[in-house]
Each structure stands twice: as C-alpha cells, then as structure tokens.
Amino acid sequence: MLSRLFSTSSTISEHDDHYHSYQPTPRWGHSAAAINGKLYIWGGCMENLPKVHSSAEKTQLLSIVEVFDPQTLLWERKHTTGNPPLGVYWNAYSTQEKNMHTFGGYCGHGKCYHNSVHQLDVIAMQWREMMPSNPGDSPMKKWQCGMVSFSLGEENYLCMFGGWGVLSPNHKNMEHEFVADRANLGCVWSNELHFFNLTKGSWECPSTTGSRPPPCQGFTFTLVDADRVILFGGFQPSTRRRVNDVYILNLHTKHWIRLYNHLDPSIPWPLGRDDHSACVKNGTCPLLITVGGVNNQFNTLGDLWVFDVDSGRW
C-alpha cells in the first residue's frame with residue numbers, strides 16, 4: 001500500500017482510475033486528523049479563501065471537509081452542518097474518539113486571531129462551538145500553538161501550549177511569560193498552558209513545576225501516552241533562534257522536564273528547527289518520529305529523526 005500512496009508517474013499511469021479521482025483543494029496551514037482509519041482535512045490557506053472575517057462564501061468554503069481513505073486510495077468531499085471555525089489556518093487540532101477539536105488560528109485578514117474551541121463530529125459531519133462557562137479564563141487569541149487531547153479520571157480534556165498572537169489588556173497572565181513582537185504592535189509570543197475541560201465546558205490554568213519551556217511557536221506538541229506530551233523544536237524569540245530542545249510534560253503531575261544537547265558532537269542530535277512534523281509510534285518503547293522543518297539558516301530540512309522517549313536518546 002505504501003508503494004501506491006507514494007507512487008511516482010512510473011507506477012501510476014494516466015489510465016489508472018485513482019489518477020483521475022477527485023483531488024482536494026491545494027492549501028497550507030490546515031488541520032489533518034486521523035480518525036477511524038481515515039484522514040480528515042479541514043481549513044488552511046486556500047487561493048479562493050475570502051480575506052474577510054465572515055461571509056456566506058467563506059462559511060460555504062469552510063463547511064467542506066476533505067476525507068482520504070487509505071484502503072481505497074480515494075479522496076471524498078464531505079459537506080458539514082453547523083458553524084465552522086473562523087480560525088482557518090495554523091489553528092491547533094486534536095482528536096478524541098469520533099471528534100476532531102480545533103482551537104485558535106488565523107482568520108485570514110488583518111490581525112484577526114481566535115481563541116475559540118470547536119468540535120467536528122465526523123459521523124454526523126456537524127460542527128459546534130464549545131462555549132466555556134468561564135470565558136474570562138481563556139487563552140489569548142493566537143496561532144501556531146500546540147494542542148493534545150487526554151483524560152483525567154472520567155473527564156476529557158484538551159491541553160493547549162504556547163503560540164503567537166494578540167494579547168488583550170485584560171488578559172489573565174497567571175504564571176505565563178510573554179515576549180513582545182516589536183515588528184507587530186500588540187502581538188506576543190507566549191508559553192501559556194491551558195486545559196479545556198470538555199466534560200464540564202470550562203477553562204483551567206494549571207500550575208506546573210520543573211523546566212517550563214519559554215515562549216515559542218512552530219514547535220510540535222505530540223501525545224506520547226495517557227500521561228505524557230512531548231514538545232520538540234520551535235522558534236524561541238528570547239534567543240531569536242530555532243531550537244532543538246525536547247520538553248516532556250506529565251499531564252497528571254503537571255511537571256516539565258527538559259532534554260537538550262550540551263554541544264557534545266559525539267551525541268546524535270537534530271538541528272534546531274521549526275514548522276516541522278512529528279508523530280509517535282506507540283509500543284513498549286514509545287518513539288517520536290520527526291521530519292523536515294526550517295533551520296536557523298532558513299534552509300528547508302528533509303531529514304528524519306527518531307527519538308526514544310524513555311531513554312531520551314535520538
């Protein structure tokens with residue numbers, strides 16, 4: 001099957017039925033969630049996306065979800081009901097059972113960013129906004145943050161971290177740090193950490209211990225198991241560099257640990273980067289697999305690295 005998924009023109013001819021099948025609209029900065037063996041693509045920056053806050057044309061475009069079935073190698077366009085998110089690209093997303101959740105994102109015009117949570121039920125193909133009971137405790141409006149889904153006891157949660165966006169004057173800072181973007185008045189990088197309780201519909205701002213990451217964006221934020229989430233790379237404005245640090249957060253104890261290379265060339269370690277991709281291969285020894293990104297010389301990277309989460313070695 002992999003040979004079909006990554007085929008070149010020498011293996012798929014123009015007479016192949018799959019060659020002529022429907023293809024999704026080109027885009028970047030979109031959501032791509034795997035649920036029940038299928039890939040669901042939503043949003044992103046598209047050529048025909050209206051650069052307005054909201055319109056009937058924009059809502060119609062954002063009510064479409066592209067679905068890829070790896071068994072048949074076919075794409076399908078699905079129409080949704082409800083109100084889709086306005087944070088259309090570089091929003092955070094995660095999955096839980098039959099649902100895809102999205103948070104934040106850029107609207108596509110001016111300095112319009114979002115901090116709302118939306119849920120897409122992929123069985124009913126219906127959107128709904130998760131209205132919090134305590135909106136004053138929401139994260140700032142932002143993009144390029146990280147988000148994972150997890151459970152504590154009988155309650156289901158979303159965990160959001162970091163990102164770049166607009167800080168309002170009445171934002172509750174709590175224990176968070178913010179670094180001003182001098183090139184964009186009113187915009188900041190953050191290292192704020194929030195939990196959204198899906199069961200109760202409320203925001204929580206947990207206190208943490210250990211080595212909390214500084215404000216950053218463009219990192220990967222990947223669930224390892226029921227207890228841990230791993231952050232790798234990203235751009236840190238405090239040093240103006242793309243880093244190669246690894247941070248692991250225990251979602252139950254709220255404790256951070258940091259792993260990094262002390263400039264020892266004998267220890268294999270990837271270059272600092274942002275805008276890369278990562279996933280976790282679960283098993284007795286969970287592995288983080290990361291690929292690509294952009295380094296500090298603005299070069300596009302094509303390398304692939306595997307990180308043994310338990311041993312802390314690449």
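Buried means under 20% relative accessible area, exposed means over 50%, and partly exposed lies in between (1.4 Å probe, protein chains only). I start with K200, which counts as exposed at 56% relative accessibility.

**Ground rules.** I am reading a predicted model, where local features need pLDDT of at least 70, side-chain atom pairs count only at pLDDT 80 or more, and totals for chains, interfaces and linings use all residues. I number residues from 1 along each chain as its sequence is written, and side-chain values use heavy atoms, with hydrogens and water left out.

**Salt bridges.** I looked up the total: the structure holds 11 salt bridges. Each is a side-chain nitrogen of Lys or Arg within 4 Å of a carboxyl oxygen of Asp or Glu.

Which residue pairs with K200? I found that K200 forms a salt bridge with E155, the closest N and O atoms being 3.4 Å apart. This pair links distant parts of the chain, 45 residues apart: K200 is in the loop between strand 13 and strand 14 (202–204), and E155 is in strand 11 (residues 155–166). E155 counts as partly exposed, at 21% relative accessibility. My strands (E, at least two residues) and helices (H or I, at least four) are DSSP runs, numbered from the N terminus.

Next I checked R77. It forms a salt bridge with E66, with the closest N and O atoms 3.9 Å apart. R77 lies in strand 4 (residues 74–79) and E66 in strand 3, so the pair ties together parts that are 11 residues apart in sequence. R77 is partly exposed at 38% relative accessibility. E66 is buried at 1%. I also noted a network of salt bridges that links R27, E66 and R77.

Then I took D274. Its salt bridge is with R242, and the closest N and O atoms are 3.0 Å apart. D274 and R242 are both buried.

**Core.** I turned to the nonpolar cores. Such a core is a set of buried Ala, Val, Leu, Ile, Met, Phe, Trp, Tyr and Cys residues joined through side-chain atoms within 4.5 Å. How many residues does the largest one have? I read 25, and L49, V65, Y89 and M100 have the most contacts inside it. Among the elements that give two or more residues to this core are helix 2 (56–62) and strand 3 (64–69). A second, separate core has 16 residues, including Y157, F161, L193 and L251.

Contact means heavy atoms within 4.5 Å. Leaving aside neighbours within four places in sequence, V65 is in contact with residues including Y40, W42, R77 and L120.
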